[in-house]
Amino acid sequence: MPKPTDTSKILKHYEHEFQRLYGNSNGSLTILRRTAMDKFLTTGLPTPKQEDWRSTNLNSIMQAYPVASPKAELTYFDDLDFEYISNLPRIVFVNGYYTAELSDLSNLPEQMRVNSLTYLLKTDPEKLTRRLKQYPSDDVSVFTSLNTALFNSGTWIEIPDNLPESFTLQLINITKPTAEQQSYQLRNFIDIGENSQFNLIEQNIGLGTETYFNNIVTDLRAGRNATIKYTRIQNEAETGNHISSTLITQAADSQVESMVVSLGGQLIRNDLEFKLEGAGATGNLNGLYLARGNQLIDNHTVIDHTHPECSSNELYKGILDDDSHAVFNGKIIVQPDAQKTDARQINRNLLLSEKARVNTNPQLEIYADDVKCAHGSTIGQLDSDALFYLRSRGITARVAQTLMIEGFAKEVLETIADETTRALITNMVNDWFVNGNNGDDS
Amino acid sequence: MSDIDIIHQAADQKYKYGFTTDIEQDVIPPGLNEDVVRLISSKKNEPEFLLNWRLKAYRHWLTMKEPDWAKVNYPPIDYNAISYYAAPKKKKELKSLDEVDPKLLETYDKLGIPIHEQKMLAGVAVDAIFDSVSIATTFKDELKKHGVIFMPISEAVREHPNLIKKYLGSVVPYTDNYFATLNSAVFSDGSFVYIPKGVRCPLELSTYFRINASQTGQFERTLIVADEGSYVSYLEGCTAPMRDENQLHAAVVELVALKDANIKYSTVQNWYPGDENGKGGIYNFVTKRGLCMENAKISWTQVETGSAITWKYPSCILKGDNSVGEFYSVALTNNYQQADTGSKMIHIGKNTKSTIISNGISARYGQNVYRGLVQINKGAENARNYSQCDSILIGDKCGAHTFPYLDVRNPSAQVEHEASTSSISEDQLFYCRQRGISTEDAVSMIVHGFCKNVFQKLPMEFAVEAQKLLEVSLEGSVG
């Protein structure tokens with residue numbers, strides 16, 4: 001456990017970083033950053049005494065991580081080993097720096113705007129200030145405050161209204177630190193116009209052996225009747241720490257489907273909040289987390305039904321091996337006006353080893369009466385009868401196990417409608433299975 | 001809409017058991033300090049060890065903070081404005097019911113506990129508690145024949161000090177939580193039950209509680225020890241008179257089920273819930289916990305319809321291999337009632353099993369929370385848990401919330417949790433009404449059906465009362 005003195009040292013460190021990066025500027029954005037920094041300093045780092053962090057051991061980020069500034073550090077990219085879908089446009093960042101050599105933005109629709117935040121910070125900080133002001137400033141996680149104070153890279157995506165056909169973009173963040181203990185503060189703003197369809201495949205890939213800390217905040221807004229598929233693959237390095245907060249705000253009749261796959265990293269914490277702010281909006285949340293070694297994967301989701309006739313459906317599944325620990329905390333809130341809400345949530349966990357541990361807290365908070373809400377949660381192991389059945393047919397224990405684990409994961413993978421995306425993720429999941437206990441180098 | 005009219009009309013139904021009995025009482029002035037603790041102890045002629053235990057609890061309580069994590073709202077409690085002891089002044093030993101103050105007997109009659117008819121009542125021995133001191137205990141002889149000890153805990157302290165020393169605080173230690181610690185310091189009275197080895201208790205044991213003197217917090221302490229291979233079924237039920245001021249009730253119930261023992265603990269809780277504007281009502285902050293040794297079983301059944309605020313999590317520590325814990329609950333919140341209730345199942349032994357069935361009903365402005373923990377420890381091989389928490393919402397101003405915590409550290413465990421929340425569907429109502437059943441009866445039927453799986457677990461005598469109680473409480477909410 002970090003002692004209180006350690007925490008104050010860390011706070012001081014980030015204040016120092018703030019002074020180093022923005023101490024000399026005084027624009028409206030800096031004022032906003034200063035407010036966020038003050039909030040971070042007064043709130044302090046989370047402790048297990050706080051309900052949202054009670055099962056999450058944050059020791060590995062309770063250190064002074066210098067904030068990396070995005071710059072062209074690498075000139076040779078051939079050893080950057082990562083998978084992507086080759087025929088789809090992609091924007092690639094290496095350590096927060098937009099890397100044209102790896103990106104392919106040739107087929108973007110004309111009306112669509114994709115920028116790196118580093119560029120916008122230089123050219124149009126006012127735009128960012130305006131956008132940030134729309135972000136709820138109260139009740140955000142302390143890491144979001146830290147991010148608002150310090151972010152210096154990320155992506156800006158703007159999709160116009162009435163885009164004639166569905167469009168897919170890959171957003172790839174590669175982290176390969178060039179120094180020990182770097183932290184990367186990334187921010188993504190994604191605005192999708194009315195009636196448009198958009199697929200985003202985001203990958204966070206960690207390479208190398210240095211310890212690092214990614215703090216990523218994403219703000220996605222779906223316009224009226226927009227259809228969005230947001231796939232997020234987290235494959236950090238074994239030494240990587242990843243804290244992400246994602247807020248998805250949906251206008252009336254919009255449909256958003258998120259898919260969060262967590263494979264790598266040392267400490268992973270994903271906060272995902274859906275705000276259904278218009279009648280008839282639909283939010284679907286799917287997730288798969290695979291953990292081994294001494295990984296900690298923590299998924300906190302909140303679905304806030306504020307308007308009538310919205311529906312949400314959530315399915316999160318986890319497979320845990322070795323000493324790993326998973327936390328699932330899913331909250332469904334139905335506000336007094338949100339009549340005719342239909343909300344469903346399921347969390348299932350498969351424990352493969354003696355030492356693996358799961359904390360799951362599905363929660364319902366319901367203030368409207370004409371609703372249908374249900375949640376379910378299970379924790380179990382492989383069914384020995386089914387294993388025996390397979391083995392009696394001459395299948396080895398190992399293969400039988402793998403078959404059953406794959407079957408367990410398949411339910412989530414099948415929710416991915418797009419075949420190429422599904423193939424990409426299935427490949428990664430299979431790699432995870434094959435790696436077994438022999439280490440899982442990315 | 002006519003349905004709404006029925007709801008509102010019926011919602012004005014008054015609390016049926018609202019009356020008080022004027023009996024002179026021995027009350028110590030409000031306030032809490034070490035002297036008050038000493039005074040309570042000396043008034044009860046307690047041995048040294050118990051006084052010391054109370055004092056340790058009191059000193060520990062001073063270092064604690066009132067918990068605020070529960071989803072309930074109430075104005076801060078001034079613990080120095082409460083009187084911690086009240087006993088009817090007339091205190092001579094009673095040999096027969098004729099000696100009991102007729103006014104008291106009248107009270108029991110109003111409550112439907114005809115003490116003078118109890119011997120004829122099928123096998124129920126009642127240790128009736130009027131405020132804090134036990135007045136009459138029946139069926140003692142018959143229990144004595146089987147070696148069963150069933151007496152007020154204040155007597156047990158003097159007559160069976162070794163049992164009390166051994167088991168008091170063994171399941172709920174005096175350091176446990178704010179309200180349990182307060183209870184340990186100032187507990188007034190309660191019941192003590194000991195079932196000897198291999199004995200099946202011949203009667204259903206029952207205690208009726210009743211808060212009577214205004215401004216008197218009631219701090220009951222119940223301790224039930226079932227020795228190896230024994231069985232006991234214990235019923236607890238309560239009604240309280242109508243009062244405007246909030247009254248604090250912080251009880252502690254400890255159950256010890258030794259090897260192969262079986263304890264069935266049933267509660268019908270009907271403290272005064274406050275009026276239709278949320279004024280008054282009892283604060284019911286209760287700590288209930290049972291310890292199961294090898295092959296033992298503890299089953300909690302509760303029907304919670306009363307209290308302005310309920311804060312209660314009957315729990316089982318499944319320490320012994322093959323032990324079983326069960327929790328069946330119906331919680332109803334009407335008007336401005338708030339309930340934060342549920343169960344904890346801590347699996348420590350191998351092959352331990354637990355079941356949680358919780359039904360919540362919220363009406364008008366009622367807020368109903370299920371909060372529970374299922375914890376499977378590392379050594380708990382093949383543990384099994386099944387939890388089901390369903391809620392019904394009646395009216396658009398009420399709330400139903402579910403906060404289950406599942407913490408699993410053993411892969412052989414099988415843990416399932418399911419919860420659902422819905423209103424009574426229009427289709428269901430339409431179907432009933434189409435067959436000539438009034439809305440009022442239809443809602444009542446549907447709710448009864450919803451609670452059936454819990455009522456079935458209650459002993460027969462209680463099931464009838466619980467049904468009645470729910471009907472009365474429902475009349476105030478749905479029609």
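This is a predicted model: local features need pLDDT of at least 70, side-chain atom pairs count only at pLDDT 80 or more; totals for chains, interfaces and linings use all residues.
Q: Why is strand 16 of chain A called mostly covered?
A: A residue is buried if 20 or more other C-beta atoms lie within 10 Å of its own. In strand 16 (residues 325-334) of chain A, ten of its ten residues are buried, so the strand is called mostly covered.

Q: What makes both faces of strand 16 of chain A count as covered?
A: On one side A:His325, A:Val327, A:Asn329, A:Lys331 and A:Ile333 are all buried.

Q: Why are strand 14 and strand 16 of chain A said to pair?
A: Two strands pair if DSSP finds at least two bridges between them. Ten bridges join strand 14 (residues 296-305) to strand 16 of chain A, so the two pair, and they run parallel. A:Leu296 has A:His325 as its bridge partner.

Q: How do you know that strand 16 of chain A also pairs with strand 18 of chain A?
A: Ten bridges link them in the parallel sense, and the cut-off is at least two. A:Lys331 stands opposite A:Gln363 of strand 18.

Q: What makes strand 18 of chain A a partner of strand 23 of chain B?
A: The two share six bridges in the antiparallel sense, where at least two are needed. A:Glu365 has B:His401 as its bridge partner.

Q: How many residues make up the contact between the chains, and which strand of chain A gives the most?
A: Chain A supplies 31 residues and chain B 29 residues. Strand 18 of chain A gives the most to the side of chain A that touches chain B, with ten residues. That side divides into 14 nonpolar, eleven polar and six charged residues.

Technical notes. Residues are numbered from 1 along each chain as its sequence is written. Chains are lettered from A and ligands numbered from 1 in the order in which they are written. Two residues are in contact if their C-beta atoms, placed from the backbone, lie within 7 Å. Helices (H or I, at least four residues) and strands (E, at least two) are DSSP runs, numbered from the N terminus. Ala, Val, Leu, Ile, Met, Phe, Trp, Tyr, Cys and Pro count as nonpolar, Asp, Glu, Lys and Arg as charged, and the others, Gly among them, as polar. A residue is buried if 20 or more other C-beta atoms lie within 10 Å of its own, exposed if 12 or fewer, and partly exposed in between; C-beta atoms are placed from the backbone.
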